[in-house]
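Q: Please take a close look at one part of this model and go through its residues and their surroundings one by one.

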Amino acid sequence: MKIKLATSYGFCFGVKRAIKIAENTQNASTIGPLIHNNEEINRLRENFNVKTLHDISEASGVEKAIIRTHGIPKNDLETLVQSNVEVINATCPYVTKPQEICEKMSKEGYEIVIFGDANHPEVKGVESYAIHGAHVIQSVDELADVKFKRSKIAVVSQTTRKVSEFLEITSYLITHYKEVRVFNTICNATFENQDAARELAKEADVVVVIGGKNSSNTKQLHSICKEYCPDSFLVESEKDLDPSWFEGKMLCGVTAGASTPDWIIEKIIGKISEIKV
Ligand code: F3S
């Protein structure tokens with residue numbers, strides 16, 4: 001039986017990059033969790049002495065601070081720099097982009113609209129770069145209540161939002177206001193994993209989807225795979241593998257949810273390849 005990995009799976013580019021930075025830095029603290037995966041955060045603490053602080057108030061006396069993938073508010077970053085902490089920035093470049101746009105466009109006199117969740121750390125960070133503040137909205141309906149003071153509007157999106165909803169918001173703005181600058185800051189990583197899983201499931205006769213059973217994006221991957229390959233199974237660890245799934249199969253596809261580290265994936269692939277079919 002051949003084993004084939006999806007062309008895109010598991011951690012996104014920004015998360016992989018942040019983990020590499022943390023591993024290379026060692027003996028440092030992150031302001032807030034580096035990424036949303038506890039197993040990986042524990043591994044970084046145990047193997048690389050990378051600790052997690054709740055927020056900036058715990059950073060006094062820290063030598064090296066790593067900024068997480070979602071970024072932090074501008075003021076917090078400045079406080080860290082001023083307090084002689086060595087700052088290592090692991091903010092995902094796709095998050096830095098809307099931060100820069102907000103700063104630049106608000107300096108140029110544009111009123112800023114952010115499509116996203118005001119309580120999400122990424123959005124809090126992006127909003128902090130808008131010099132005169134920003135309107136954070138979750139849906140097009142909320143826009144009707146926004147009182148704009150300027151005639152120039154710039155709009156960005158939280159990286160994980162749906163393009164279709166962003167289009168509704170930008171269409172509304174364009175039809176109601178004379179000057180609207182639209183910046184598509186949506187990141188495709190999640191959708192890339194889904195597209196790749198679909199392609200893989202079409203050709204495989206058994207698919208193993210690796211990830212947390214409570215992880216919504218893993219469950220979504222599993223249901224996509226099941227649509228094209230009924231013998232698709234969700235596993236959290238190698239213990240969940242059942243040899244009978246692979247009997248008489250020719251091609252086993254493997255994919256993983258966005259919060260699954262490579263080392264778990266490798267371990268499971270190793271186990272699958274040991275199964276006699
Ligand atoms: Fe990942 Fe960066 Fe996109 S952290 S989901 S690549 S915004």
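A: With a relative accessible area of 27%, Cys-12 is partly exposed; buried means under 20%, exposed over 50%, and partly exposed in between, using a 1.4 Å probe and protein chains only. The model is predicted, so local features need pLDDT of at least 70 and side-chain atom pairs count only at pLDDT 80 or more, while totals for chains, interfaces and linings use all residues. Residues are numbered from 1 along each chain as its sequence is written, and side-chain values use heavy atoms, with hydrogens and water left out.

Cys-12 sits in the loop between β1 (2-5) and α1. Helices (H or I, at least four residues) and strands (E, at least two) are DSSP runs numbered from the N terminus.

UniProt lists Cys-12, Cys-92 and Cys-187 under "binding site", in an unreviewed entry. Cys-12, Cys-92 and Cys-187 are included in the lining of the largest pocket. On a 1 Å grid over the protein atoms alone, a pocket is an open set of points where a 1.4 Å probe fits, with protein on both sides within 12 Å along at least five of seven lines, and lining residues have an atom within 4 Å of a point. UniProt positions follow the numbering used here, feature names are shortened, and annotations may be inferred rather than shown by experiment.

Cys-187 belongs to the loop between β9 (179-182) and α8 (189-203). It counts as buried, at a relative accessible area of 18%. Beyond residues up to four places away in sequence, Cys-187 touches Tyr-94 and Thr-159, contact meaning heavy atoms within 4.5 Å.

The same record also places "binding site" (unreviewed entry) at His-36, His-70, His-120, Thr-159, Ser-215, Ser-216, Asn-217 and Ser-259. Of these, the lining of the largest pocket includes His-36, His-70, His-120, Thr-159, Ser-216, Asn-217 and Ser-259.

His-70 lies in the loop between β4 and α3 (74-82) and is buried at 15% relative accessibility. Apart from neighbours within four places in sequence, His-70 is in contact with His-36, Thr-91, Val-95, His-120, Pro-121 and Glu-122. His-36, in the loop between β2 (28-31) and α2 (38-48), is exposed at 60% relative accessibility. Not counting residues up to four places away, His-36 touches His-70 and Ser-259. Asn-217 lies in helix α9 (residues 216-228). With neighbours within four places set aside, Asn-217 contacts Gly-257, Ala-258 and Ser-259.

Next comes α1. Helix α1 (residues 13-25) has 13 residues and reaches 18 Å from its first C-alpha to its last, close to the 18 Å expected at 1.5 Å a residue; the expected span is 1.5 Å times one less than the number of residues. Its buried residues are Gly-14, Val-15, Ala-18, Ile-19, Ile-21, Ala-22, Glu-23 and Thr-25. The cover over them includes β2, α2, β3 (50-53), β4 (64-67) and β5 (86-89). Gln-26 follows α1 and has a positive phi, near 60°.

β2 and β3 pair in the parallel sense over four bridges, where pairing requires at least two DSSP bridges between the strands. Ala-28 stands opposite Val-50 in β3. Together with α2, β2 and β3 make a right-handed β-α-β unit: with the strands pointing away from the viewer, the path from the first strand over the helix to the second runs clockwise.
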